[in-house]
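The sequence and the model are shown below.

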Amino acid sequence: MISKILVANRSEIALRVIRTAHDMGIKAVAVYADADREAEFVEQADSAYALNGTTYAETYMNIDKLMEIAKRAHVDAVHPGYGFLSEIPEFATAVIEAGMAWIGPSPSVLNRLGDKIQARRLAESVHVSPVPGISDPVEGHEGIDAFVARFGYPIVTKKADGGGGRGITVHNNDEDLDVFFAAHANDASGYFVERFIRTARHIETQSARDSHGNFAVVSTRDCSVQRRNQKLIEEAPAPALPGNSEEIITRWSQRLFEAVDYVGLGTCEFLVEPDGRVNFLEVNPRLQVEHTISEEVTGIDLVREQIRIAQGENLSSIPAPRAHSFEFRITCEDPANGLIPSTGEITQIRWPLGHGVRIESGIEEGDVVTSNFDPMLAKLIVTAPDREQAIARSRRALKEMSIKGVATPANLYRDVISLDDFAVHPPSTRWFEDTILPEYVGQGNPQAAAEPKEAEIRHSFVIEVDGRRMRLSLPTALVSTGEKAARKALQPRRGQATNRANQATQELTDATGMVNSPIQAIVVRVVANIGDIVEEGDLLLVLESMKMESYVYAPHAGTVTDIEVEAGANVATYQPLVRIAPEQK
């Protein structure tokens with residue numbers, strides 16, 4: 001029996017695991033990076049140990065440090081949460097070899113499912129149909145050209161080891177492919193190719209299997225509201241599945257789990273087309289961010305199930321879904337600026353309350369959001385007896401919620417779930433990114449209009465008029481430059497910073513020729529070299545953010561004189577990247 005667990009993660013998922021451990025009478029040990037020293041998950045743990053660092057590599061991805069702490073704390077199990085080391089076979093092996101329980105699938109399962117090419121081959125071997133593609137690594141441009149000749153554009157290239165969809169690039173024409181190969185120095189051997197299915201829903205099964213061979217699908221989920229393959233809104237159970245697609249994905253999920261002797265919880269992901277055709281995507285061998293909605297509609301604590309299965313117990317009896325639930329990922333991303341991550345101090349939090357509302361969060365007022373870690377701040381989970389009531393309750397909860405100091409997409413979510421297109425189910429994985437987000441940032445959809453941009457640079461006051469409480473909002477300029485008497489009478493209770501709004505209008509290239517990062521991201525590859533003579537539009541470097549690669553091009557002709565970053569570096573929005581001295585005329 002497990003008595004003490006090391007939670008090898010941070011923020012809301014660490015706190016989630018700690019709470020279930022305490023419910024079961026199990027002690028929980030936390031680890032923390034420098035920036036997380038005062039975080040709530042650290043406070044709630046029975047004990048906590050410093051990882052002494054600020055970056056992923058120094059802290060939550062450092063197997064040696066984590067194993068040293070696990071032994072020092074005398075834990076008998078490790079829970080990896082999601083992300084970080086949760087799908088790394090070497091970490092699972094180290095835990096098991098140290099005599100501790102690994103709360104997750106075995107290293108051999110992680111090996112077989114972690115490589116997406118192997119996963120495609122596995123699916124084919126048990127008569128599960130993957131998205132049409134090539135189940136072999138790309139060897140060169142010629143192999144992709146042959147695939148295009150057969151299937152046409154659009155196509156998608158994916159990294160074989162790209163966990164959770166990381167390293168996905170969509171190509172609509174030959175020019176896109178040329179840029180892709182240039183970005184990877186004509187070496188794309190770690191990638192494979194699939195047909196890009198533009199009109200399909202992202203449907204998944206929350207699956208579980210114990211060491212005795214008992215299997216169950218806890219619930220289906222629809223995760224079609226996405227941006228750059230990053231899920232934003234999820235719901236369970238998946239509504240209005242066409243044809244017999246639900247029966248197919250349930251049967252295929254069991255085949256996949258049994259084929260690798262999967263023991264634990266995991267998620268099988270599929271693309272379901274409008275005519276009911278099902279295409280296998282991948283198996284995520286870990287707990288998912290959106291596991292909460294499967295819990296809400298069944299009443300099952302999935303972290304508890306993970307711990308029970310790791311102890312060799314039988315899978316609990318899984319009831320049929322009895323409600324409908326939505327999860328909203330509350331990130332520090334600004335919808336008015338294309339969901340670019342924002343940073344800053346969280347000055348105020350007001351969580352919604354009431355029946356059917358659940359908050360999973362690792363933040364508190366006063367916390368400083370940096371660019372070092374994932375932009376997700378919290379998860380809002382809303383549950384009601386049916387989907388219509390769940391939508392209505394979600395609108396109310398999103399309206400009640402308030403986080404100040406950083407931008408969040410809460411108002412955007414409220415508008416999205418109110419749209420007619422969302423009423424039955426999200427139309428496809430491209431619907432939000434192609435249709436909703438561009439209109440939200442000012443291209444004309446009256447149903448999904450953003451709050452006025454001046455809302456970022458206004459002061460708000462509570463006043464009373466004839467005994468009636470009212471809220472007065474004034475432009476910052478009026479408050480800061482108006483008559484002295486007005487300033488004295490209308491002192492703001494809390495101002496809103498204007499830096500973010502000002503930054504959003506700055507050019508990415510400054511007067512010295514320095515090209516600044518358009519997003520918070522990780523540098524994948526620096527293509528340019530100091531001394532290179534470039535033309536306007538030449539590729540300079542490749543960034544990765546929210547699982548998608550973005551290309552940074554030369555804004556003008558000139559010579560590369562400075563390179564401020566290297567591959568693997570984390571960069572913040574507007575951080576200097578490359579300086580180009582303009583071409584002399």
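What relative accessibility does R579 have, and does this value count as buried, partly exposed or exposed? In this predicted model, R579 has a relative accessibility of 23% and counts as partly exposed, because buried requires a value under 20%.

## The R579 pair

The salt-bridge partner of R579 is D562, with 3.1 Å between the closest N and O atoms. R579 belongs to strand β33 (residues 576-582) and D562 to strand β31 (residues 558-563), so the bridge ties together parts 17 residues apart in sequence. D562 is likewise partly exposed, its relative accessible area being 27%.

## An open sheet and its helices

Strands β6, β9, β7 and β8 form, in that order, an open sheet with antiparallel pairing. The edge positions belong to β6 (133-134) and β8 (169-171); each has a single partner strand, so one side of each lacks a neighbour in the sheet. Strand β7 (residues 155-159) is joined to β8 by three bridges, and I155 stands opposite H171 in β8.

Two helices pack on the sheet. Helix α6 (residues 116-125) touches β6, β7 and β9 (191-195), its direction making about 50° with that of β9. Helix α8 (residues 174-183) touches β7, β8 and β9, and its direction makes about 145° with that of β8.

K116 and E282 form a salt bridge of 3.0 Å, N to O. This pair connects helix α6 with strand β14 (residues 278-284) across 166 residues. K116 is buried at 7% relative accessible area, and E282 is buried at 9%.

D222 and R201 also form a salt bridge, at 2.7 Å between the closest N and O atoms, and both residues are buried.

Notes
Residues numbered from 1 in each chain as written. Predicted model: local features only at pLDDT ≥ 70, side-chain atom pairs only at ≥ 80, totals over all residues. Heavy atoms only, no water. Pairing = 2+ DSSP bridges. Helix = DSSP H or I, 4+ residues; strand = E, 2+ residues; numbered from the N terminus. Contact = heavy atoms within 4.5 Å. Axes fitted to C-alpha atoms, helices over the stretch in contact; angles between N-to-C directions. Salt bridge = Lys/Arg side-chain N within 4 Å of Asp/Glu carboxyl O. Buried < 20%, exposed > 50% of the residue type's maximum accessible area, 1.4 Å probe, protein only.
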